[in-house]
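Me: I'd like to go through this one with you, question by question. Could you show me the sequence and the structure?

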Amino acid sequence: MLLIPCPWCGPRDEREFRYGGQAHIAYPADPEALDDGAWADYLFVRDNPAGPYAERWFHASGCRSWCDVERDTVDYTVTGSCPTGAHPAAGPDEGPCVSPYCVRRAVPSTGGTR
Amino acid sequence: MTGRRTGAGPVPDTWILFDGGEVPAVAGEPVSAALLAAGVRTVCRGIRTGRPRGVVGIGTGEPGAQVRTEGPDPRPMAPATRVEAREGLRVSGLAGYGRLPEQAPARGGDARWAHCDVLVVGAGPAGIAAADAARAEGARVIIADEAPEPGGDARGGGRDAWAAATWRALARAPDVRALARTTVTGHYDHGEHAALERRGRDDLLWRIRARRTVLATGSTERPFAFQDDDLPGVMLAGAAAAYVRRHGVLPGERAVVAGCHDEALWAAAALHDGGARIAAVADARPRTGSAAREALRRRGVEVRTATSVLRAEAGADGGVAAALLAPVGPDGAARGEPVRVPCDLLAVSGGHDPAAPLAVQAGARLRWSAPHAAFLPEGLPPTTVCVGAAAGTRDAGAAEEEGRAAGAAAARAALGPPVAPPDPVHTGPLGPLAGAPVGGLPDVMRSRGASAQGHGGEGVGGPAAPATPAASSGSEADAPAMALFCVTGPGTDAARVYVDLQRDAALSDIRAAIAAGMDSIELIKRHTTIGTGPDQGRTCGTVASGITAHLLGRTMDEVGGTTPRPPYAPVPFTALAGRARGDLIDPLRRTPMQPWHEAHGAVYEDVGQWRRARYYPRGREDMHAAVLRECTAARTGVAALDASTLGKIVVAGRDAGTFLDRLYTGNLSTLKPGRCRYGLLCTADGMVLDDGVIARLPDGAYLVSTTSGNAETVLDHMEEWSQTEWPELCVHVFNATDAWAVVSLVGPRSRDVMRRLAPGMDVSQEAFRFMDLREGEVAGVRARVLRVSFTGELTFEVNVPSWYGLAVWEAAMDAGADLGITPYGTETMHVLRAEKGFIVVGHETDGSVTPLDLGMDWALSRTKDFVGKRSLRRPDTARGDRPQLVGLLPEDPGTVLAEGAQLIGGAPGPGAPRARSQGWVTSSYDSAALGRSFALGLLRSGRARHGEVVHAVHLDTAVPVRVADPVFYDREGSRKDG
């Protein structure tokens, strides 16, 4: 089992995580504009390098945050991780989030705690 | 009589039963020692040949004597050298394979996780010194050893008191864990190790995550092969001497010792000192070390050089009675006439193999060292270091020094430099990882990369020159070992030159494998099964490699060894299972209404982790009769379902509506508080993941219901998309499934029951419309009531906090008693929904079914994107001949189709064309409302085939069925308002 560096919790056992495949495959801004080949590429085609690979992990049995991890697929060296996304403050014209459930609405644009 | 106690060791204080006979024993000594002392030569028999086999070794490397423990701690198979004698112990020799004890409860098992700075594997001189040094540096240390006592290979020498005292001090020290009887069975990624601790009736499976690992795993003495080398009384020389030194047990009265290194000569001296008569000492080398030779000469024993044992000879008891010694060359070929030397102990030794499996699993390669006549590990990653005999250091004093230096170095490396906390702030969302900070990651995460350092690593020098035991003086008096793997002569019967005793595999098998074209040691292993026995080639692996190298004319490095995969020692399945058995194998989830179901005779069905009532039989009713009755009640009166297992996910936050719009197929941002809407959830490839009703709560948040058992999947899906694709949306999702109990009141009379239960709530059709959500008091409890319907009938879905679930259910049963309120279970629920053509995710879908396949285009928004929408235009998902949802009516209305039956066109039979599956039955029931059987299925181009007759094939039967519309009951939807 790997030791995966959760950006929020520190190194944790792989058993706490769910794998999420290759990182940085963004959902296309306008899927309807893609032809069938390009859409199939988004859906199904992933890199398979022998070497460093940016991949996604979900700390399912921990903080339930997704993170991106760089791992060498040959020797499993893990070189870094960072949070996937972050919840920014509301835009200037939107006002603060007023949801009573929101625990992250005070997050300043420079980052912060959660 | 052969074998006895020398008197120098402890006196037997107990008895064990071996094959039914009493054997005196010293509590705590290995069973093998007791058997040797009692003169028991034959312990078990060869797996294929049935030849008698006795004790060969000591410790874990035991190729001969396997026993089954019948009590008091039953174990199917273990080496006699690793079973501790104790009062009441019953063992028997094992012929062939292990057998689980009959009528004995399974062994207990448990799991533990541990972290440490330094893990030391092995508690010989090197390991104990390493652990002690690491502790002194302030490291958290775990030290584990297979044996009951510390000391390792050096036990019985001059270091026992030091080893025991240091071990005790370690065990008492804070932040140190000293595990005896614990085998580290595997090295895994990023410093993870598995270890099996044997605790009487229980096994404890450890997972140890270590920053640094010191492998002080010692070595295994190996024999060399010759004809009839498997006879009882043929033992490893070092092991025979160890029985004398450690246990005061002399394995034989008249010994022949044959070896090819100085340590075998020292073993002969020890046997002599233990009281054995040394009949002959043979050394295959032309020249021995002078120290050992002189020591033997002082005992009146001359060493016959360039001589070895060509053959063992059996006596009347089947054990060894004589050794035939002959002059041998450097390749083990015997020349000249053999000399017959009578003996009852033939002690042989071919050298010592460093116990390297863990080192190899950590990334080391094995390289043959001629001076050591052994494979030594090299190229370990910087987080792992190998010391002592495991690295080829034979001298205990040198091993201790190596261990001490390595332990201190490992501790210093593990403790510093300080680990910086991870810093998520300075890494942008979705930013490329190349720029991400990497500082602060424990370098154990790089554990697999082999370093340029030698096997010693971190300040520990290369292997010390081969040295004799501490008893010897000065290394100039020693001679290097010789590689001797097999002794044969012109008359040798290769089929009786046993290489792997546990597999009864012989020299002839290796020759046959090579003759058949195998030229890799891995192939030869598979062809001969050498190395696949209980000890996994620990004692015979190098011998097999050596013989192969000789036969192929290759070097040892060219031949190499087989891959030592985990586990290093057998791990019982009961240990792997741990506590995850019986009721604990998986969490069992029950609803708050469970006591009522229990009291009313419900029959259960497991749905995911949930235990749900399937039906409530009355009297002698079977399921069929009960379900027809429950269905009738729901369609004509009032019935109640415990729907608490329905997944309930709250989606809240400023952008919850936008978020759900993007995920679900319909528009949900336009949903008004107090209203509900049905929605489908797809994965990006357009396949249905889940479906359910989404309600808008008065505070604007959404309550999303999911299929029972699917809440966790849907929650994961939502968190993934909200975090990874749309972090700019303020959305918060959480699972409220267990927080709410749900009583579903169903049927035309359900409104009457609701009026009684909730007098303060206007439940009239005008005030409480279909797809409305109301909050109020039901049975005196704060409740959310949804007017949704999964049956087609008027339904009030009453959600109350879980604490009140049972009370509200009971109140509903009381309130509806005079109306004949009928509890119903999942089977009736399925019949009712299938009559309406409502799908169940997991029945009608299997991850390859789109909304279009289900005929649910009406649920798809045309005005906005949703995840999976683009996929519905893909050529494969858009083609017309995909399996589509249909209704199926068996031509015989009394036949209930098997779910999963395949659908084919024409009737099968002799002469019929080879049938190709055109679909399958997804749900199938008998219906009270329809008065007949019916089913749902997926059929190729099914929507265009209504009215056609196809055949449902299950096992040997083919039933004609007519394809129909999937909605069988109340197609107008007139009944949902009561």
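Me: Which pattern does chain A follow when read along the sequence?
Reply: This is a predicted model, in which local features need pLDDT of at least 70 and side-chain atom pairs count only at pLDDT 80 or more, while totals for chains, interfaces and linings use all residues. Residues are numbered from 1 along each chain as its sequence is written, chains are lettered from A and ligands numbered from 1 in the order written, and side-chain values use heavy atoms, leaving out hydrogens and water. Chain A has one helix and six strands (DSSP runs numbered from the N terminus: helices are H or I with at least four residues, strands E with at least two). Read in order, the pattern is β-β-β-α-β-β-β.

Me: What share of the residues of chain A count as buried?
Reply: Buried means under 20% relative accessible area, exposed over 50%, and partly exposed in between, with a 1.4 Å probe and protein chains only. Chain A has 114 residues, and the buried share of them is 43%.

Me: How far apart are the C-alpha centres of domain 1 and domain 4 of chain B?
Reply: The assignment for chain B puts domain 1 at 4-101 + 225-349 and domain 4 at 587-878. Their C-alpha centres are separated by 72 Å.

Me: Which strands stand at the edges of the five-stranded open sheet in chain B?
Reply: Two strands pair if DSSP finds at least two bridges between them. The order in this sheet is β35-β36-β37-β34-β38, with antiparallel pairing. Two of these strands each have a single partner, so one side of each is left without a neighbour in the sheet: β35 (676-682) and β38 (732-735).

Me: At about what angle does helix α17 of chain B run to β38(B)?
Reply: Axes are lines fitted to C-alpha atoms, for helices over the stretch in contact, and angles run from 0 to 180 degrees between N-to-C directions. Helix α17 (residues 711-724) lies across β34, β35, β36, β37 and β38 of chain B. Its angle to β38(B) is about 165°.

Me: Is Met687(B) buried or exposed?
Reply: Met687(B) sits in the loop between β35 and β36 of chain B. Setting aside neighbours within four places in sequence, its contacts (heavy atoms within 4.5 Å) include Leu681(B), Val849(B) and Arg882(B). With a relative accessibility of 10%, Met687(B) counts as buried.

Me: And Leu100(B), buried or exposed?
Reply: Leu100(B) belongs to the loop between β8 (90-93) and β9 (108-121) of chain B. Beyond neighbours within four places in sequence, Leu100(B) is in contact with Arg68(B) and Pro76(B). Its relative accessible area is 66%, so Leu100(B) is exposed.

Note on methods
Domain bounds come from an automatic or database domain assignment.
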